[in-house]
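Student: Before I look at the model, could you show me how to read salt bridges and burial together?

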Amino acid sequence: MPSLQNYHSFHLQAEAQQLETFHDVPSALSLCRQYPQHYLLGEGSNTVFIENYDGAVLLNRITGIEVSNSDTAVSLRVGAGENWHNLVTTALAQGWHGMENLALIPGAVGASPIQNIGAYGLEVADFITSVEMVELATGLTQVLNNAECQFGYRDSIFKQALLGKVIITHVNFCLPKTYSLNTRYGELKALENPTAQSIYNEVIRVRRAKLPDPDVAGNAGSFFKNPVISATAFSKLQARYPEVPHYPVADDNVKIPAAWLIDQAGYKGKQVGKVKCHITQPLVLTNLGQATGSDVVLLAREIMDTVNTRFNVALEPEVRLVGKEGLVNL
Ligand code: FAD
Ligand code: EPU
């Protein structure tokens, strides 16, 4: 059976029944129909195969970037199998600005709308005009505009109502020619006379300093989402922990950094089996080599339980855990 170890960035040892690649829409559809039990995979940087998967893993490699220019904007139609960071780098080199804050996020373009990737003050939803997809049930191509994608923090319709029902084939982006650089987040505030290039360089520098390289220590980025809690729940938390970092978000809710909760709960640097809570960013769990899926599940559950008991805040995994039969909830 084919190994999945090099097809997901956590690099756990796991196998699939079949591993197939598609390069165009008809072959994508025909493989999905040939293997009703399948898992679509881009670059596996948000997927953790915690045991052998009893189905076919289908690798999306639809490539191609089409460019159209108007007086006011550059529009890009990008194949779902293109690499995200290469797209950002290509755009910057062409003088098409905006996406530089999202540099070095691993993964394929087709996965970018699924959890609405975000970093350093921006989300991919800020640039997406529409997403092209094929419906598995009908074989029909559909196009969802930005509003129809129902983007939220690490969320979209593709993780909700359309989960498992579509193949994303292309993503359409619009980069306005008049654009103000975004330096509002953390370390970017300190940039003097920022340019798109200096933002790109700084984002890459900070990310390399904080986040472990998956090829050195397998990981899937943030293991949990930053919890969003109500204003009432936040007042109670702040009464007990006045120093708690927090950010206001929509509907009077408050976002708390999960890294802070995990750090305060004493998990930074803690290890279960061969899985470790990363020392410079405790929101990331890493594979020290030969880790098993049960090490991952044990440490993740322990962190969730401890944070819940201590702070009365529920952590929700950001990563997709895949077991024998498909997606697994913790
Ligand atoms: P995969 O893991 O291959 O797939 C993710 C999900 O999408 C799966 O459920 C899969 O079935 C589904 N899927 C994939 N392609 C398709 C398709 N064509 N059609 C339908 N369904 C599909 N994320 C952020 O938002 N911000 C960050 O700053 C960030 N930093 C990271 C840093 C590191 C070191 C790592 C390892 C990850 C980080 N991530 C971050 C998470 C990850 O980069 C994103 O979630 C990325 O979009 C995943 O892309 P992928 O192709 O690897 O997805
Ligand atoms: N913190 C601690 N202890 C630590 C590290 C951080 O308490 O050891 C606290 C600090 O208060 C810090 C805060 O956590 O200010 C936030 O840390 P950071 O700026 O590193 O960002 P994050 O909220 O942990 C989020 C995303 C990242 C994204 C960065 C930058 C989520 C779940 N994670 O991390 O995305 O790159 O912001 O924008 O929203 C990913 O999704 O995989 C991912 C890496």
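Student: Are Arg154 and Glu318 buried or exposed?

Tutor: A residue counts as buried under 20% relative accessible area, as exposed over 50%, and as partly exposed in between, using a 1.4 Å probe and protein chains only. Here, both Arg154 and Glu318 are buried. Please keep in mind that this is a predicted model, in which local features need pLDDT of at least 70 and side-chain atom pairs count only at pLDDT 80 or more, while totals for chains, interfaces and linings use all residues. Residues are numbered from 1 along each chain as its sequence is written, and side-chain values use heavy atoms, with hydrogens and water left out.

Student: What do Arg154 and Glu318 form, and how far apart are the closest N and O atoms?

Tutor: A salt bridge is a side-chain nitrogen of Lys or Arg within 4 Å of a carboxyl oxygen of Asp or Glu. Arg154 and Glu318 form such a pair, with their closest N and O atoms 3.2 Å apart. Arg154 lies in the loop between strand E10 (141-145) and strand E11 (166-176) and Glu318 in the loop between helix H6 (293-311) and strand E18 (320-323), so the pair ties together parts that are 164 residues apart in sequence. Helices (H or I, at least four residues) and strands (E, at least two) are DSSP runs, numbered from the N terminus.

Student: Which residue meets Glu316 in a salt bridge?

Tutor: Lys225 does, at 3.2 Å from N to O. Glu316 is partly exposed, at 46% relative accessible area, whereas Lys225 is buried, at 12%.

Student: How many salt bridges does a search of the whole structure find?

Tutor: The search finds eight.

Conventions
Chains lettered and ligands numbered in written order.
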